[in-house]
Amino acid sequence: MKILLVGGTGTIGKRIYWRLQDAHEILTAGSKSGDVQVDMTDPRSIEEMFTKIGKVDALVVAAGSAPMAPVQDLTQEHFQEGIRSKMMGQINLALIGQKHLNPGGSITLTSGILSEDPIALGAVLSTINAAVNGFVIGAAGELLQRGIRINVVSPGIVEDSAEAIGSYFPGHNPVPMERVVNGYLKSILGICTGQVIKVY
Ligand SMILES: NC(=O)c1ccc[n+]([C@@H]2O[C@H](COP(=O)([O-])OP(=O)(O)OC[C@H]3O[C@@H](n4cnc5c(N)ncnc54)[C@H](OP(=O)(O)O)[C@@H]3O)[C@@H](O)[C@H]2O)c1
């Protein structure tokens with residue numbers, strides 16, 4: 001399978017890469033790193049990337065961010081940054097990517113536990129994660145009519161991030177990387193579609 005892995009050099013993405021690399025042809029993409037460069041916040045850059053790499057069997061996105069701040073300080077700009085990066089970055093990859101998938105192809109996006117299990121300073125991420133989940137639920141039926149599957153993996157804080165950001169997640173159980181990667185494998189190699197694959 002030819003797999004495009006946007007964010008393939010990141011904390012989660014590199015684990016997906018390690019697990020799949022022996023059996024599949026994987027192209028990693030990042031804004032600075034990876035086999036191919038793309039700015040997921042810029043639709044033109046996404047188009048250019050697909051022109052360079054051609055069709056793929058699976059598009060996987062483990063990238064996109066949103067700011068953390070206290071609710072009393074939040075402004076429209078905080079939300080716009082999350083929309084630009086984690087929400088529309090992933091949605092644009094999916095919208096453009098659907099035209100560059102081989103028959104039977106799949107799309108896998110990433111949201112996160114904060115859509116339903118909040119933390120302090122996380123209101124923007126809670127909003128954006130819920131929006132990404134909503135896009136996948138809303139788009140899956142029409143994509144299925146064209147033989148394309150789409151899912152979103154929603155991880156809890158992952159083990160490899162626990163040291164750096166675990167203090168923001170009091171009482172949360174860091175998720176072993178093998179379980180996180182399995183969530184992506186279920187979407188890429190399995191048969192499900194329209195699913196929010198929760199890995200908490
Ligand atoms: N880590 C966690 O505990 C956790 C838990 C739940 C959900 N998530 C979500 O999972 C996703 C990945 O998290 P992570 O911790 O693995 O992130 P990370 O370690 O910061 O890695 C981010 C990856 O995205 C790429 N990237 C950044 N900006 C980009 C852009 N504009 N265009 C294309 N690629 C870009 C980076 O490559 P370059 O540096 O080359 O741009 C890198 O490969 C995020 O959406 C995050 O919110 C993470």
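How far is an oxygen atom of the ligand from a polar backbone atom of Val158? In this predicted model, the separation is 2.9 Å, which falls under the definition of a polar contact (a pair of N or O atoms within 3.5 Å; within protein, one must be able to donate a hydrogen and the other to accept it, and residues adjacent in sequence count only if both atoms are side-chain atoms). Taken alone, the ligand exposes 900 Å², of which the protein buries 76%; accessible areas come from the Shrake-Rupley method with a 1.4 Å probe, and for residues only the protein chains shown count as cover. The model is a predicted one, in which local features need pLDDT of at least 70 and side-chain atom pairs count only at pLDDT 80 or more, while totals for chains, interfaces and linings use all residues. Residues are numbered from 1 along each chain as its sequence is written, and side-chain values use heavy atoms, with hydrogens and water left out.

Two further backbone atoms pair with ligand oxygen. A backbone N or O atom of Ile12 lies 2.9 Å from an oxygen atom of the ligand, and for a backbone N or O atom of Gly10 the corresponding distance is 3.1 Å. The ligand is surrounded by 23 residues, the closest being Thr9, Thr11, Ser31, Ser33 and Gly64; a residue is counted here if one of its heavy atoms lies within 4 Å of the molecule. The ligand sits in the largest pocket. A pocket is an open set of points on a 1 Å grid over the protein atoms alone, where a 1.4 Å probe fits, with protein on both sides within 12 Å along at least five of seven lines. A molecule sits in a pocket if more than half of its atoms lie within 2 Å of its grid points.

Tyr184 counts as buried because its relative accessibility is 0%, where buried means under 20% relative accessible area, exposed over 50%, and partly exposed in between (1.4 Å probe, protein chains only). Tyr184 and Ala62 are 122 residues apart in sequence, with their C-alpha atoms 9.6 Å apart.

Leu185 is likewise placed in helix H6 and counts as buried because its relative accessibility is 16%. Beyond its neighbours within four places in sequence, Leu185 is in contact with Arg19, Leu20 and Gly190. From Leu185 to Glu77, 108 residues away in sequence, the C-alpha distance is 35 Å.

Asn151 is found in strand E6 (residues 149-155) and, at 0% relative accessibility, counts as buried. A polar atom of the Asn151 side chain lies 2.9 Å from the backbone nitrogen of Gln195. With neighbours within four places in sequence left aside, the contacts of Asn151 include Ile107, Thr108, Leu109, Val136, Ser187, Cys192, Thr193, Gly194 and Gln195.

Several loop positions were also examined. His100 is found between helix H3 (76-97) and strand E5 (101-110) and is buried, with a relative accessible area of 17%. Apart from its neighbours within four places in sequence, His100 is in contact with Glu47, Phe50, Gly54, Lys55 and Val56. Leu121 is found in the loop between E5 and helix H4 (123-145) and counts as partly exposed because its relative accessibility is 34%. Phi of Leu121 is near 75°, a positive value in a residue other than glycine. Gly171, in the loop between helix H5 (162-165) and helix H6 (177-189), is exposed, with a relative accessible area of 73%. The C-alpha atoms of Gly171 and Asn133 are separated by 24 Å, the two residues being 38 residues apart along the chain.

Gln76 lies in helix H3 and, at 55% relative accessibility, counts as exposed. Gln76 and Pro176 are 100 residues apart in sequence and 35 Å apart in space, C-alpha to C-alpha.

Definitions and conventions. Helix = DSSP H or I, 4+ residues; strand = E, 2+ residues; numbered from the N terminus. Contact = heavy atoms within 4.5 Å. 1 Å grid on protein atoms, 1.4 Å probe; cavity = no way out; pocket = protein on both sides within 12 Å on 5 of 7 lines; lining within 4 Å.
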